[in-house]
Protein chains: 2
Amino acid sequence: MAKGISRQRIVQAALELLDEEGLEGVTARALAGRLGVRAPALYWHVASKQEILDEMATEVRRRMAFTLAAQPEPAGWREGLAAYARVIRAEYLLHRDGARTFSGARVTDPEVLRAQQLWMERWTRSGLELAHAATAVQLVTALVVGFVIEEQSIASTDRYLLTASDPAIAAEVPLVTAAGQHLVSDADQRFEDYLDVVLTGIAARVDAALPAD
Amino acid sequence: MAKGISRQRIVQAALELLDEEGLEGVTARALAGRLGVRAPALYWHVASKQEILDEMATEVRRRMAFTLAAQPEPAGWREGLAAYARVIRAEYLLHRDGARTFSGARVTDPEVLRAQQLWMERWTRSGLELAHAATAVQLVTALVVGFVIEEQSIASTDRYLLTASDPAIAAEVPLVTAAGQHLVSDADQRFEDYLDVVLTGIAARVDAALPAD
DNA sequence: ACCTGAACACCGTTCAAGT
DNA sequence: ACCTGAACACCGTTCAAGT
């Protein structure tokens with residue numbers, strides 16, 4: 001272990017701790033232990049635990065931005081939006097309870113905003129006007145966050161599918177049970193399915209606007 | 001105050017406490033204080049704080065189910081799905097951090113499942129086949145959860161829109177700033193907007209399947 | 001059956017003191 | 001400049017003891 005801790009090393013260790021122990025395992029003492037110091041030492045580098053959580057979220061958003069920037073220029077806005085959706089889902093999935101933990105966070109890094117600017121430019125360049133691009137990215141973001149939150153909460157719960165676990169009740173609500181089975185099926189495929197529906201909806205709106213241009 | 005506490009009164013008080021103080025204000029001691037007892041008394045009625053949180057989520061889901069059941073029979077699946085989306089958003093909005101707190105919860109009440117069965121029947125009756133109904137309700141649910149999480153996290157943060165607060169950076173990322181302004185605008189209207197896009201996407205899929213029937 | 005008092009092992013955070 | 005030891009006011013939870 002290199003001597004001396006830093007803001008960066010604290011955030012890095014906190015992300016590792018999150019993945020290994022879950023959010024409730026990210027305590028000042030555990031974090032300090034992993035870094036070879038005592039808990040109060042952290043407070044020389046950060047003002048509070050909340051600041052650490054904010055930095056963790058910013059770091060995740062930074063990685064999203066980098067991965068997006070490395071993406072090849074999409075053939076059209078539809079491919080670009082799909083790539084965007086897949087990247088942010090993948091980054092959230094990288095961390096335990098990632099969507100729940102990082103979605104609502106306040107990002108404080110100008111670098112992330114500059115990266116956002118980059119692909120907003122791409123989309124408007126590939127035929128989407130600004131109002132549509134803004135709607136589209138926020139809608140797709142909401143979809144990803146909602147989807148991954150459910151995805152990760154199922155993953156972290158044994159006792160989830162009560163429907164399947166209680167045959168007497170399951171028999172009473174056959175449609176819900178059948179729908180629930182549909183839900184357990186491959187998450188990647190379901191995600192692509194939902195994404196396609198949303199992109200089709202956006203396309204319909206874009207097409208409707210085109211003649212008026 | 002009626003003498004003696006109960007599971008129900010604990011959950012009711014916990015929901016009030018959540019709205020007044022936020023999730024971190026829902027502590028065993030505060031909860032007990034509100035009920036006129038000491039903290040250990042709670043543990044005669046519930047096994048753990050997690051059980052209280054689960055019950056709170058179940059209660060919210062129960063209210064959603066009741067409100068949905070009271071809804072008039074929709075003219076078609078599209079109106080039915082829109083009504084569904086509006087109801088669950090409204091119930092989440094009723095509680096501070098409602099979406100974040102209750103979305104991933106494990107519902108343990110058969111009553112809620114029976115209510116779900118009811119409107120799944122309605123939708124399949126009004127022209128949506130089961131696979132489409134399952135996709136539709138899960139997609140719309142993901143949208144609502146993702147949307148309201150962002151909606152409520154903006155509401156609970158002063159220092160959110162960094163974009164607007166730092167003119168130097170804002171000037172550097174004009175598209176992001178413009179999109180951000182679009183985001184601050186009326187949430188209800190944005191929600192209806194996104195919902196309409198999603199329903200249009202679902203309609204396209206349903207229409208495509210019809211000829212094949 | 002239902003509740004209290006005291007206690008246990010934890011939290012995040014502060015602060016004087018050390019180097 | 002950076003870290004520790006000791007402490008503070010909190011947590012959730014347990015348990016013997018009271019009624």
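User: What are the ground rules for the values used here?

Analyst: This is a predicted model in which local features need pLDDT of at least 70 and side-chain atom pairs count only at pLDDT 80 or more, whereas totals for chains, interfaces and linings use all residues. Residues are numbered from 1 along each chain as its sequence is written, chains are lettered from A and ligands numbered from 1 in the order in which they are written, and side-chain values use heavy atoms, with hydrogens and water left out.

User: Which residues are closest to DNA strand D, and what makes a residue count as near a strand?

Analyst: A residue is near a strand if one of its heavy atoms lies within 4 Å of it. By that rule 16 residues surround DNA strand D, the closest being A:Arg38, A:His45, B:Arg29, B:Tyr43 and B:Lys49. These 16 residues divide into nine nonpolar (Ala, Val, Leu, Ile, Met, Phe, Trp, Tyr, Cys and Pro), three charged (Asp, Glu, Lys and Arg) and four polar (the others, Gly among them).

User: Why is the approach of B:Tyr43 to a phosphate oxygen of DNA strand D called a polar contact?

Analyst: A polar contact is a pair of N or O atoms within 3.5 Å; within protein, one must be able to donate a hydrogen and the other to accept it, and residues adjacent in sequence count only if both atoms are side-chain atoms. A polar side-chain atom of B:Tyr43 lies 2.5 Å from a phosphate oxygen of DNA strand D, and therefore meets the cut-off. A backbone N or O atom of B:Lys49 lies 2.8 Å from a phosphate oxygen, and for a side-chain N or O atom of A:Trp44 the distance is 3.2 Å.

User: How do you know that B:Arg205 and A:Asp196 form a salt bridge?

Analyst: A salt bridge requires a side-chain nitrogen of Lys or Arg within 4 Å of a carboxyl oxygen of Asp or Glu. The closest N and O atoms of B:Arg205 and A:Asp196 are 3.4 Å apart, so the pair qualifies. The count between chain A and chain B is six salt bridges.

User: What is the area buried between chain A and chain B?

Analyst: Buried area is the accessible area (1.4 Å probe) that two parts lose on being put together, summed over both. For chain A and chain B this is about 4700 Å², of which carbon and sulfur atoms give 65%. In terms of contact (heavy atoms within 4.5 Å), 56 residues of chain A meet 57 residues of chain B.
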